[in-house]
Amino acid sequence: MASGRPSWVCFEAGLPTFVAAAVLATGGLCARVGWGHDSPEHVIEALTAQMQREGVSAPLLWRRAHEYRSLRRLDAATADLERAVQLEPDRHEYLVELARLELQSGRASAAIVRLNPLVAGGAGEQRLAALSIRGEAFESLGQLEAALADLTEASRERLDDVDLYLRRAGVQWRLGRLEERLAGLEIGISHTASAVLQIERIDTLIDLGRVQEALPLVEAELSDCRWQSTWLIRRAQIWRALGKRDASRADALAAAQEIDQRLHPQRPDPLL
């Protein structure tokens with residue numbers, strides 16, 4: 001069955017676009033202090049020393065907040081970002097990152113309040129980021145209609161963003177809007193050709209009872225993949241919906257045997 005949350009998390013290890021702008025604004029900090037392979041603790045020490053020598057600046061605070069966050073020192077990161085916002089209140093990227101930290105720290109309502117002005121009066125990428133984060137904050141508070149509105153608006157502007165399609169689909173599933181979910185996933189597939197979205201589409205077809213449409217899609221995946229258990233389970237669901245109980249049992253048994261082979265305590269599959 002399709003889940004109400006993304007079954008994968010797409011996390012960029014690199015920095016957001018606006019980070020590069022912040023670093024450039026400092027005159028190339030990384031080159032100056034040699035952070036390339038330093039630990040976060042060493043980078044924090046270097047940044048602190050630089051601020052003691054040259055004075056506190058918003059880009060330096062922003063960079064130190066990033067390092068604090070990597071260490072899960074969220075209170076310290078928040079303090080640096082709050083000060084950066086005070087120094088440069090028009091730098092929307094600082095506001096967005098501060099709201100992201102507030103959400104990560106369990107302060108979803110505070111994040112929403114902080115983002116409201118940017119959603120109402122902002123523009124460009126920072127407004128889209130604000131919509132995405134505010135949508136996540138609304139969802140965490142159970143305000144699903146508001147979450148769906150924000151994620152839908154953001155996804156219309158970022159047609160190639162697979163994560164936004166997945167997050168919106170998760171909210172639609174929680175609201176029981178499966179037809180709407182299916183339509184949104186199909187739009188996403190048309191813009192991204194994402195295999196991840198296609199899997200969610202197949203699951204949604206099964207959830208809707210449109211198993212005749214789902215069956216050839218599942219069988220195509222079965223013919224093309226090495227490990228088949230998840231697809232065998234989906235086909236077992238389809239056979240059951242079609243009243244073919246023997247075929248359903250056979251697929252379920254085959255799936256269980258494959259899983260057992262992959263999890264064998266003496267001979268576990270190294271590619272699991």
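**A close look at helices and loops**

Modeller: Glu97 lies in helix H6, which spans residues 92–104, where helices are DSSP runs of H or I with at least four residues, strands are runs of E with at least two, and both are numbered from the N terminus. This is a predicted model, in which local features need pLDDT of at least 70 and side-chain atom pairs count only at pLDDT 80 or more, while totals for chains, interfaces and linings use all residues. Residues are numbered from 1 along each chain as its sequence is written, and side-chain values use heavy atoms, with hydrogens and water left out.

Because its relative accessible area is 10%, Glu97 is buried, a class that means under 20%, with exposed over 50% and partly exposed in between (1.4 Å probe, protein chains only). From C-alpha to C-alpha, Glu97 and Ala111 are 9.8 Å apart in space, and they are 14 residues apart in sequence.

The helix pairing is that of H10 (residues 162–175) with H11 (residues 178–192), which pack at an angle of about 170° with their axes 9 Å apart; axes are lines fitted to C-alpha atoms, for helices over the stretch in contact, and angles run from 0 to 180 degrees between N-to-C directions. That angle is why H10 is roughly antiparallel to H11, the word used for angles over 145 degrees, with under 35 roughly parallel, 65 to 115 roughly perpendicular and the rest oblique. On the H10 side the contact (heavy atoms within 4.5 Å) involves residues including Tyr165, Arg168 and Trp173, and on the H11 side Leu178, Glu180, Arg181 and His191 are among them. By class, the contact of H10 with H11 has seven nonpolar, five polar and three charged residues, where Ala, Val, Leu, Ile, Met, Phe, Trp, Tyr, Cys and Pro count as nonpolar, Asp, Glu, Lys and Arg as charged, and the others, Gly among them, as polar.

Ala193 lies in the loop between H11 and helix H12 (195–207), and its phi is near 55°, a positive value in a residue other than glycine. At 67% relative accessibility, Ala193 counts as exposed. Within H12 lies Gln198, whose C-alpha atom is separated by 9.1 Å from that of Gly188, ten residues apart along the chain. With neighbours within four places in sequence set aside, Gln198 is in contact with Ile189 and Leu217.

A positive phi is also found in Arg72, near 65°, in the loop between helix H4 (58–70) and helix H5 (74–87); Arg72 counts as exposed at 57% relative accessibility. Most residues other than glycine have a negative phi.

For the setting of these parts, the protein chain has 15 helices and zero strands, and buried residues make up 44% of its 272 residues. Its mean pLDDT is 86, and 83% of its residues reach 70 or more, pLDDT being the predictor's confidence in each residue, from 0 to 100. Over residues 1–35, however, the pLDDT is below 50. Where pLDDT is low, the predicted coordinates should not be read in detail.
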